[in-house]
Amino acid sequence: MSAYKIRSGAGISGLQLVDIPTRALMPHEVRVSVHAVSLNYRDLMVADNTYPVSTDQPLVPGSDAAGEVTEVGASVTRFKVGDRVLTVFFPNWIDGAPGSEKTAGALGAGDDGVLAEELIAHEQALVKIPAQLDYIAASTITCAGLTAWNTLFCAAALKPGATVLLLGTGGVSIWALQLAKAAGLRSIITSSSDEKLARARELGAFATINYRTTPDWQDEVLRLTEGRGVDLVLEVGGTDTLARSVNSTRIGGSVAIIGGVSGFGGEFQPFALIGSSRKLLGIFVGNRAQLEELVQFVEFAGISPIVDKIFPFDQAQAAYQHLKSGKHFGKVVIKVRG
């Protein structure tokens, strides 16, 4: 079968299409014909060697795939041939709190990922696709969708009426915007593009801020919340945004550290946390049980994930470049087949 491989640090140009032999299934394994793979900023970090990878050898990148079960091992009970499934980011993290043994073997960094015509997974490392979604839309759930769900409703445990601040219009932020709208939360979202902000308002954003024209956007957040601040910030910016995110948060609120587009770190005064009981939450995607909860919510709420652009399988490098450009709104997807 055809698959892409990349060595960490080789850059996007190091993403190469290769032929990989197939193998027989173990008793609890499932063979999946991959239809779609969505990309995450993490995939760019793997290419640039700014994300920890467990091997110095080329590996199959990507964590988010949706496809059809074509074969099951002799002892498989969770799936049958013909089922539509999506991957679990951490194949060993089924439920409960994270741990080193649970987060080992993460797809596309700890082990081979999903950017291939087919994949083999343990039956415990897959979940069924929401009934109303096609493979393209479903492929966006594994990382971005689950990260947003875990942040809003598990780690921060927000209730209807809470206000969240979303930075940018990438995959996690737009997923969070859609989930927040469906759950009765108010979202404030930032971007440097008025066009993207207009689209965000169409999706239900309570308010929008152009951070180019309003560089001190934390002051605008406070104005929009009548001086209170937001209940939660989904912090994806890193070094350039962390201090502003903390200052945008209410007393007792939380800043969820999800990514670092501008690098990891960021200077702020520790007393900004101590003196206001604000909390920093580290978010590392989530577990399978949470993913199954998200799938049920997506079905019930009728959410259709936002896909910015779809690339054919033979244009994977172009898909990576588009993601790197930052021009996307929502998710970038590679269509493998179908």
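## About the model

This is a predicted model, where local features need pLDDT of at least 70, side-chain atom pairs count only at pLDDT 80 or more, and totals for chains, interfaces and linings use all residues. Residues are numbered from 1 along each chain as its sequence is written, and side-chain values use heavy atoms, with hydrogens and water left out.

Strands here are DSSP runs (E, at least two residues), as are helices (H or I, at least four), numbered from the N terminus. Six of the strands make an open, parallel sheet, ordered 10-9-8-11-12-13. Strand 10 (207–210) and strand 13 (279–282) sit at the edges, each pairing on one side only; pairing takes at least two DSSP bridges between strands. Neighbours in the sheet are turned by 20 degrees against each other on average, direction ignored.

Helix 7 (residues 217–224) lies across strands 8, 9, 10 and 11, at about 160 degrees to strand 10. Axes are lines fitted to C-alpha atoms, for helices over the stretch in contact (heavy atoms within 4.5 Å), and angles run from 0 to 180 degrees between N-to-C directions.

## Helix 11 and its cover

Helix 11 (residues 316–325) has A316, A319, Y320, H322 and L323 buried, meaning under 20% relative accessible area with a 1.4 Å probe, protein chains only. They are on the same side of helix 11 because they cover an arc of only 160 degrees around the axis, taken from the directions from the helix axis to the C-beta atoms.

Their cover includes strand 1 (2–5), helix 1 (41–48), strand 14 (307–312) and strand 15 (331–335). After helix 11 comes G326, with a positive phi near 75 degrees.

Terms used: Buried means under 20% relative accessible area, exposed over 50%, partly exposed in between (1.4 Å probe, protein chains only).
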